[in-house]
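Open the model in your viewer and follow the stops in order. Each stop gives a selection and what to look for there.

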Amino acid sequence: MVWCRFLQKRWVLALVFGLSLVYFLRSTFKQKKRAVRNWNLLQVQDHDQPILWKVHFHLGNSSRPGNQCRNSIQGKHLITDELGYVCERKDLLVNRCCNVNAPGMKQYRCDGCLPHGCCGAYDYCVSCCLQPSKRLLLERFLNRAAVAFQNLFMAVEDHFELCLAKCRTSSQSMQHENIYRDPIAKYCYGESPPELFPT
């Protein structure tokens, strides 16, 4: 009886040790993978590899599986696809692109966007940012991006990903860490943060 209890305790200890070892190895592998990824990102920065400014996607003739569009995903009512179209969710096609034949469909919409590049709605910010004419402005921003933002913007691979990241609210959109600098136009693709409104 005592011998059985002794063996059970040993098995429990062996199981705990085994699980701890697996957890340790997984964590170490993830950290190593992350370190390699960060090193690769730094290498990209060192070689000044440009991001892709033109989306290579043609409906019916795409190398992408199933001719799928990427889109802004998060909008409750509106969504922006990588071609710069903003549509309601009901006008989203099966391939996740906006239906360009829907009434009032327009590419590169800047509804509610101010001249300095801040907009009232995230999806219009992304669409406006995707205009080819905004490339120079975005290149200037990337060249002067603060060190704090370099990891975020170094990870983007093309114009669409850059606009998704740039238009998201960040600490640049906030004052005192809990109030929007401009409560109306808080999504910005421009070089500067929103104007500071008195609180």
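A disulfide here is a pair of cysteine sulfur atoms within 2.5 Å. The model is predicted: local features need pLDDT of at least 70, side-chain atom pairs count only at pLDDT 80 or more, and totals for chains, interfaces and linings use all residues. Residues are numbered from 1 along each chain as its sequence is written, and side-chain values use heavy atoms, with hydrogens and water left out.

**Stop 1: the disulfides**

Searching the whole structure gives 7 disulfides. Visit three of them.

Select C87 and C98. Their sulfur atoms sit 2.2 Å apart in a disulfide. The link is left-handed, with -75° about the S-S bond. C87 is in strand β2 (residues 86-88), while C98 is in the loop between β2 and β3 (118-119), 11 residues apart. Helices (H or I, at least four residues) and strands (E, at least two) are DSSP runs, numbered from the N terminus. Buried means under 20% relative accessible area, exposed over 50%, and partly exposed in between (1.4 Å probe, protein chains only). C87 is buried at 3%, and C98 is buried at 2%.

Next, select C110 and C128. A disulfide joins them, S to S 1.9 Å. This link is right-handed, with 90° about the S-S bond. C110 lies in the loop between β2 and β3 and C128 in helix α2, so the pair ties together parts 18 residues apart in sequence. Is C110 buried or partly exposed? C110 has 25% relative accessibility, so it counts as partly exposed. C128, at 1%, is buried.

Now select C113 and C119. Their disulfide has an S to S distance of 2.1 Å. It is right-handed, with 105° about the S-S bond. C113 is buried at 18%, and C119 is buried at 0%.

**Stop 2: the nonpolar cores**

A nonpolar core is a set of buried Ala, Val, Leu, Ile, Met, Phe, Trp, Tyr and Cys residues joined through side-chain atoms within 4.5 Å.

Select V126, C167 and Y189. Of the 22 residues in the largest core, these touch the most other members. Helices α2 (122-129) and α5 (159-167) are the elements that give two or more residues to this core.

Center on V126. Beyond its neighbours within four places in sequence, V126 is in contact (heavy atoms within 4.5 Å) with T80, F160, C163, L164 and C167. A second, separate core of 9 residues includes L83, C87, C97 and C98.

**Stop 3: residues 12-29**

Select residues 12-29. An unreviewed UniProt entry annotates them as "transmembrane region". UniProt positions follow the numbering used here, feature names are shortened, and annotations may be inferred rather than shown by experiment. The span is 100% helix and 0% strand, and its end C-alpha atoms lie 26 Å apart.
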